[in-house]
There are 2 protein chains.
Amino acid sequence: MYKKFRYNNKFLGGVFLSTYEYQLTLTKILERAVDVFPDVEIVYRNISRYTYTDLYERVQKLANALEKLGVKEGVKVATLDWNTHRHLELYFAVPCMGAVLHMANPRLSLEEIAYILNHAEDEVLFVNETFLPIVEAISNKLKTVKHYVVITDKEKMPETKLKPVYEYEELIDSASSKYEFPELNENQMATMGYTTGTTGLPKGVYFTHRQNVLHAMGVAITAGCYLKITHYDTILHVVPMYHVHSWGMPYMATMLGMKQVFPGIFDPKIFFELVKNEKVTYTCMVPTILDMILKHPEIDNYKSYLEGLTVIIGGAALPRALCEYARKLGMNVLSGYGLSETCPVLTIAYLKRTMLEWSEEEKIEKWVKTGLPLPLVNLRVVDSQGNDVRRDEKQMGEIVVRAPWLTKEYYKDPEKTKALWAGGWMHTGDIAVVDKDGYVKIVDREKDVVKSGGEWISTLTLEDVILRHPAVSEVAVVGAEHEKWGERPIALIVLKPDYKDKVSEDDFREHLKKFPEKIPKWWIPDRFIFVESIPKTSVGKIDKKVLKPKYKDILKQT
Amino acid sequence: MYKKFRYNNKFLGGVFLSTYEYQLTLTKILERAVDVFPDVEIVYRNISRYTYTDLYERVQKLANALEKLGVKEGVKVATLDWNTHRHLELYFAVPCMGAVLHMANPRLSLEEIAYILNHAEDEVLFVNETFLPIVEAISNKLKTVKHYVVITDKEKMPETKLKPVYEYEELIDSASSKYEFPELNENQMATMGYTTGTTGLPKGVYFTHRQNVLHAMGVAITAGCYLKITHYDTILHVVPMYHVHSWGMPYMATMLGMKQVFPGIFDPKIFFELVKNEKVTYTCMVPTILDMILKHPEIDNYKSYLEGLTVIIGGAALPRALCEYARKLGMNVLSGYGLSETCPVLTIAYLKRTMLEWSEEEKIEKWVKTGLPLPLVNLRVVDSQGNDVRRDEKQMGEIVVRAPWLTKEYYKDPEKTKALWAGGWMHTGDIAVVDKDGYVKIVDREKDVVKSGGEWISTLTLEDVILRHPAVSEVAVVGAEHEKWGERPIALIVLKPDYKDKVSEDDFREHLKKFPEKIPKWWIPDRFIFVESIPKTSVGKIDKKVLKPKYKDILKQT
């Protein structure tokens, strides 16, 4: 069952080498895991359950099947899939044979999906049957895809007009379960994805084998040595696998030989059942998913199973109230941070040894922050001159970073790459402050922060405090041009129906003055404008790129 | 205090690069630790106590002082020191400035120490005052050393005829505490040492920055994710720092920002006091040291502080009785394995998730084995044709290995390098069996195992069982030449005084027959020869290279 490792003395390009020059490749992670933990389980909903040995056998079958479809080193293979065991098989088979796994994001618009598949030049497309309508709608626009493979939970292949098309299990069924994975150079491209920025076309990022392996190691060290997440835990993969390697967790979990549980498309009821039945102890998610879980009508039936569950929150700030509530239920909830460009994890809000004796309240103060850098991550918050900001929780700066797992460039886009890597540091575009203990906290996006008289004003902090006013349903703060100060903040407020015409601009000025420790006087917006609605992006975030031009001259008009 | 990281865009050789090509160097480990954990303590006996911030400042002073002595990239700097905070400073300052740290072993003979210092071409020699007599005795033979630096706990520099000579604190006192560590290529040599093989001259091994960083990461993952050793633990460095990076623990501990305690020369009483006063929770040592600790007359005063202490045992097999006794005291004792050639750690005898429910007895069975490979370690046990042995705990084979942290060669010795790396695998010379769960157990050294009729007989196993006979004080089994079988085992036995002339060869044949599960009939030695004593090597091991030629013809004579 377990394929013997190679006793060869060949290496890159067939050159004979006596000393084996070890390359950090994903193949090494998989093969050692199968060697040491052949019997550990991998579970997909209540549909499939197998061992690491089975995984390795199916990965080899898949590689053989892909080879028959013409996939070879450097060929791009795209996936449009939920969190399934088959997606995990693709996570290994494609890069380990030297091809490139493109985790395509099905949440993009049709036009964007067609764009990224063409831009990446994907030759094979694996598509979960739930996304068939998407692919059928754009298939006539796809210029490079030669083969479609459908992933389905059903017995039979669904009807589709795509061709040539295969069903996943049929494809691998007849393939040999022995595949000799090649010795790859660790700097070979392994995975790619596209960022869903709010401006312009999606930008491609990619990661080599080395970067993925080092990221898995960095995350594993942080998990084990700061969060006490170990091989003995059971992980449920909630972060979509089409989103930056599901934050790298499938590679980390495989490296450690953890029991892994795949929930398919996210569904709170299935989440609860899997946590209960598979004894899940660790997961990652965005704060809105945690909120959905904790507000679910059936939560009372599952509370006891959530006790002791460690949850890393990323994608957006972890609201303090949410953290407090989850912790009261016995869940170990804390924050992490990263970008599509960074593989993704850069920081996690773990505690330091001196903080173990702190009160729960003091600890929560840290857990909801952006966090501390992982081992090998050199993360700085710098002013526009490149000097580190003071650790006073006040002076703002941009997060710039160096780490072994950052994308080398935007794919085929030297111009944007130059801006990303200006001065030899990766610019995250996130504006943050640092506290006296070194914990970073993001306060804005670089393009949203208001630059007033050479100083910065955090729109996120203003929005956060304005939201505490009982009259406010929604709020957006943006910068408007100002003759004297360059820019000044203005607030756009959607009032709750009951409060319409009952509050004034001055009420909000007074409200903000109540929080002098958070809002210096000069931060108070010049205008509070009551609006009917606030425009949102496709993923539900406030669309400031629409708001800013609309209101940019408003302070001049008055 | 905390030096700002560089905001430059220069890189290797001064070439301008937009993307920062991250190199895995020891500088990265140190600087991130100081960034995140500036206040964590580093303790040396009851003599010195400072923080990571102080460490970094002193490392920079040391680098400046070394630069003044002419140390630059590639220059070898040797140390003859115990486990001190100053040795830790050298562990970082020397490699981080691009020079090479040679951890010289003061336990070698005078002749060997002179040989390795000349062979390595060391230019600066740091010497603990306790080793001054050694260095003074050989200084006229040292061809490359230009400067001596004395490490002392006393106020004043001891008398010495060495010159030019400096006292460590004086040397760094006047140096600047700002040093700009260069951007190094990760494949640059960082550390070196010499193996104390039983045959021939010591052989040099060396490790690059990359190898040391990846080793620290691999060990950290294993610590955190399999042994639950974390940043929150306090480590006491017992393994000598002149012995393969003290098993890599100082680099791992610094990477994690652990509190580190340095005991100087090992002394059981100081060990007890440090464990008690500094609340030590983790350490590593050889089995004889553990035995010494547990048999110490004052142990009863310290038992409660040993409870919960995790101890990794290496250097020799962990005797089951020792493991059982330590576990009864509440210590978490288990086995690890590695060589000077392998940085050193290859395996640790951690449990798998399915074994947590096992009985203590079953677990101990695993904990005393050689263990399971670390992440990224590809370890095989192969027969002479290079095929993996069966996982039946019977078939023996040699351990061969590939990992990211194995020495590329024996320094300046291409001939021995060729044998070490024959066929692209590093040959450990250790003979082992593998059980059904994949746990490796070493049963002999390749050069000691008896090859009888094409099959192998483990001399260690025979010695182990013969030792259980009450009459035996010491025993050595070696192979003697045999016309029909090629080799046959013979046993050399030192009887306890009371048993002299009271036991016969046949008594031992009968004794061995009582253990058929361990000793197949055909393993029983052809002769049991009673001797007065058994020759030992300088480190107290049975010297089989003396015994084998002496007895090689004994089966032909009879």
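Two strands pair if DSSP finds at least two bridges between them, and strands themselves are DSSP runs of E with at least two residues, as helices are runs of H or I with at least four, numbered from the N terminus. The model is predicted, so that local features need pLDDT of at least 70 and side-chain atom pairs count only at pLDDT 80 or more, while totals for chains, interfaces and linings use all residues. Residues are numbered from 1 along each chain as its sequence is written, and chains are lettered from A in the order in which they are written.

**Exercise 1.** Determine which strands pair with E5(B), and in which sense.

Solution. Begin with strand E3 (residues 76-80) of chain B, which is joined to E5(B) by five bridges and runs parallel to it; here B:Lys76 stands opposite B:Asp122. Next take strand E6 (residues 147-151) of chain B, which also pairs with E5(B) in the parallel sense over five bridges, with B:Leu125 opposite B:Tyr148. Finally, follow the chain from E5(B) through helix H5 (residues 132-138) of chain B to E6(B): this β-α-β crossover is right-handed, that is, clockwise from the first strand over the helix to the second when the strands point away from the viewer.

**Exercise 2.** Explain why E5(B) is described as largely enclosed.

Solution. Apply the criterion for a buried residue, namely 20 or more other C-beta atoms within 10 Å of its own, with C-beta atoms placed from the backbone. Six of the seven residues of E5(B), residues 122-128, are buried, and the strand is therefore largely enclosed by the rest of the structure.

Note on methods
Buried ≥ 20, exposed ≤ 12 C-beta atoms within 10 Å, placed from the backbone.
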